[in-house]
Amino acid sequence: MNKCSRRNIFKLAGAGSLALLLPAVALKTTQTAWAQAPENALNPESPQAKALGYHEHYSDVDQSVWTRFKDGQICGNCQLAQGDVSADWMGCGIFPGKQVAREGWCNAWVARQG
Ligand code: SF4
């Protein structure tokens with residue numbers, strides 16, 4: 001085996017290690033995001049949330065389905081949001097006892113006054 005082919009073997013081994021590592025990093029990131037959600041976070045899959053098209057992130061809203069959605073509308077600037085609207089999670093008058101994501105959205109969005 002010459003020097004060049006040995007180098008190629010090390011390169012392949014390194015690439016293989018990286019390929020094994022990437023899913024673990026992605027899983028860790030997902031777990032961290034989920035861990036940050038409060039225990040009483042509104043489940044987007046619940047019937048009430050689905051009926052109003054609630055999404056935890058506005059970028060997931062399908063504008064062809066939810067035609068009231070306009071860029072810039074988020075829970076954090078909705079009149080119905082309750083509590084600290086600069087926090088990642090907050091209350092909502094439409095979903096009592098639940099927390100909604102600041103960058104979330106639903107079809108009941110109303111521009112916040114003041
Ligand atoms: S009513 Fe407003 S604060 Fe509540 S989920 Fe809908 S957009 Fe968010």
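**Note on the ligand site, sheet and aromatic pair**

1. The ligand is surrounded by Tyr54, Cys75, Cys78, Leu80, Ala81, Cys92, Ile94, Phe95, Val100, Cys106 and Trp109. The model is predicted. Start with this shell when viewing the structure.

2. What is the make-up of the shell around the ligand: nonpolar, polar or charged? The shell holds 11 nonpolar residues. As for its place, the ligand sits in the largest cavity.

3. Next, the sheet. It is open and has 3 strands, in the order β1-β2-β3. The pairing is antiparallel. β1 (81–82) and β3 (99–101) are at the edges. Each has a single partner strand, so one side of each lacks a neighbour in the sheet. In general, strands of a sheet pair through backbone hydrogen bonds.

4. β1 pairs with β2 (residues 89–92) over 2 bridges, in the antiparallel sense. Ala81 stands opposite Cys92 in β2. Ala81 and Cys92 are also among the residues that surround the ligand.

5. Now the aromatic rings. The count comes to 2 aromatic pairs. One of them joins Phe69 and Trp105 in an edge-to-face arrangement. The centres are 5.3 Å apart, with 85° between the planes. Which parts of the chain does the pair link? Phe69 lies in the loop between α2 (47–51) and β1, and Trp105 in the segment after β3. They are 36 residues apart, in distant parts of the chain.

Definitions and conventions. Residues are numbered from 1 along each chain as its sequence is written. This is a predicted model: local features need pLDDT of at least 70, side-chain atom pairs count only at pLDDT 80 or more; totals for chains, interfaces and linings use all residues. Side-chain values use heavy atoms; hydrogens and water are left out. A residue is near a molecule or strand if one of its heavy atoms lies within 4 Å of it. On a 1 Å grid over the protein atoms alone, a cavity is a set of points where a 1.4 Å probe fits but cannot get out, and a pocket is an open set with protein on both sides within 12 Å along at least five of seven lines; lining residues have an atom within 4 Å of a point. A molecule sits in a cavity or pocket if more than half of its atoms lie within 2 Å of its grid points. Ala, Val, Leu, Ile, Met, Phe, Trp, Tyr, Cys and Pro count as nonpolar, Asp, Glu, Lys and Arg as charged, and the others, Gly among them, as polar. Two strands pair if DSSP finds at least two bridges between them. Helices (H or I, at least four residues) and strands (E, at least two) are DSSP runs, numbered from the N terminus. Rings of Phe, Tyr and Trp (its six-membered ring) pair if their centres lie within 6.5 Å; planes under 30 degrees apart count as stacked, over 60 as edge-to-face and the rest as tilted.
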